[in-house]
Amino acid sequence: MIKKITLAIVAILAILIIWNFDLVVYGLKQARGQLHIVWNARPVEDYLADPAVADSVKQKLYFIQEVREYAVDELGLNDSDNYTAMYDQKGKPVLWVVTGSKPFAFEAKEWDFPVVGTMPYKGFFVEDDANKTLEELKAEGYDAGMRTVGGWSTLGWFKDPILSNMLYRNTGDLANLIIHELVHATIFVKDSVEFNENLASFIADKGTYRFLKDKYGVDSPEYKTYVREVEDEQDYIAHILRGADSLEVLYSSFGDIAEDEKKTKKEEMIALIMQELDTLRLNKADYLQGIKGYQPNNTYFMSFMRYRS
């Protein structure tokens, strides 16, 4: 009887693996990529004790520890070993995220995963795999997008390390990122990506204001710089979300018109939305320098809806 039960279990597992072969392979690759980062991360104390590490790096590491403590003690986020080690990514990206959307509707391509549920994006530690998925989405008729990621939460499955590229961020941006990811490690609702991301963004924004105010004071350069940056970001976000509203109205008006006409109208409206960025009065003159001439697709607008709506 025991042998029969064991064989039955093995048979069921084999069927499940065959049925979900692509997901199993993907999961193994993700686990390998994440474990490589975790295993090769060095404790922050090692960096702080190393005379070869620049003082500027050590200052940022001390700063991150302050943010962690503040997030736990003052904002009530879960205490953990997250961000107590650092992985040296040697200036290179380590994670790529692919997203997809229907071309004439803000309806995301979704992937189903164990534990976290349905997700409107898919991450890869291998760039070639990300590019392959990107091209597959395009071939299926989706608007597709790919971006690198500066930080993410493993939701308590692993000890999330500091990524060395994080240290290039200024004080406000760095504090915001750390708090955002610690929120995910505190609360994450299955099948509710937009709620999770907007919640983390909200708490990170408000928490960073409080942290910088308590640490530096409201008259400090650090606090004032962050305020100006947030003002610019909020103006930009509001403009993109208004653009998304306009696109939704356009898409709903299409009816049975030809595909080429839909595409032309869509591209004209997106071009107009991006051109009208020049009307924004921003604190930082070069805030929009990186997107001048950029013609996004639906995935770009959906990222703002997902994180900032």
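Rings of Phe, Tyr and Trp (for Trp, its six-membered ring) count as a pair if their centres lie within 6.5 Å, and a pair is called stacked if the planes are under 30 degrees apart, edge-to-face if they are over 60 degrees apart, and tilted for the rest. By that definition, a search of the whole structure finds 17 aromatic pairs. The structure is a predicted model, in which local features need pLDDT of at least 70 and side-chain atom pairs count only at pLDDT 80 or more, while totals for chains, interfaces and linings use all residues. Residues are numbered from 1 along each chain as its sequence is written, and side-chain values use heavy atoms, with hydrogens and water left out.

**Aromatic pairs and the aromatic cluster**

- The rings of Tyr26 and Phe124 have their centres 5.6 Å apart and their planes at 75°, so this pair is edge-to-face.
- Tyr26 lies in helix α2 (residues 21–39) and Phe124 in strand β6 (residues 122–124), so the pair ties together parts that are 98 residues apart in sequence; here helices (H or I, at least four residues) and strands (E, at least two) are DSSP runs, numbered from the N terminus.
- Tyr26 and Phe124 are both buried, where buried means under 20% relative accessible area, exposed means over 50%, and partly exposed lies in between, computed with a 1.4 Å probe and protein chains only.
- The rings of Tyr236 and Phe304 likewise form an edge-to-face pair, because their centres are 5.6 Å apart and their planes stand at 75°.
- This second pair links distant parts of the chain, since Tyr236 is in helix α8 (residues 221–252) and Phe304 is in helix α10, 68 residues apart.
- Tyr236 is buried, with a relative accessible area of 6%, and Phe304 is buried as well, with a relative accessible area of 13%.
- Tyr236 and Phe304 also belong to one aromatic cluster, whose other members are Phe104, Phe106, Tyr251, Phe254, Tyr287, Tyr294, Tyr300 and Phe301.

**Salt bridges**

- A salt bridge is a side-chain nitrogen of Lys or Arg within 4 Å of a carboxyl oxygen of Asp or Glu, and by this rule the count comes to 12 salt bridges.
- Glu66 forms a salt bridge with Lys215, and the closest N and O atoms of the two side chains are 2.9 Å apart.
- The pair links distant parts of the chain, with Glu66 in helix α4 (residues 55–73) and Lys215 in helix α7 (residues 193–216), 149 residues apart.
- Glu66 is partly exposed, with a relative accessible area of 34%, and Lys215 also counts as partly exposed, at 33% relative accessibility.
- Asp205 forms a salt bridge with Arg308, in which the closest N and O atoms are 2.5 Å apart.
- Asp205 lies in helix α7 and Arg308 in helix α10 (residues 298–308), so the pair ties together parts that are 103 residues apart in sequence.
- Asp205 is buried, with a relative accessible area of 12%, whereas Arg308 counts as partly exposed at 22% relative accessibility.
- Asp205 and Arg308 are linked with Glu233 in a network of salt bridges.
- The side chains of Asp278 and Lys292 meet in a salt bridge with an N to O distance of 2.6 Å.
- Asp278 and Lys292 each lie in the loop between α9 (259–275) and α10, so this pair ties together parts that are 14 residues apart in sequence.
- Asp278 counts as exposed at 56% relative accessibility, and Lys292 counts as exposed at 54%.

**Surface patches**

- Patches are made of residues with over 30% relative accessible area and no salt bridge, with like charges joined within 9 Å and nonpolar side chains (Val, Leu, Ile, Met, Phe, Trp, Tyr) joined within 5 Å.
- Accessible areas come from the Shrake-Rupley method with a 1.4 Å probe, and for residues only the protein chains shown count as cover.
- Ile187, Val189 and Phe195 form a nonpolar patch on the surface, with about 230 Å² of accessible area together.

- Asp232 lies in helix α8 and is buried, with a relative accessible area of 2%.
- Asp232 and Val72 are 160 residues apart in sequence and 28 Å apart in space, taken from C-alpha to C-alpha.
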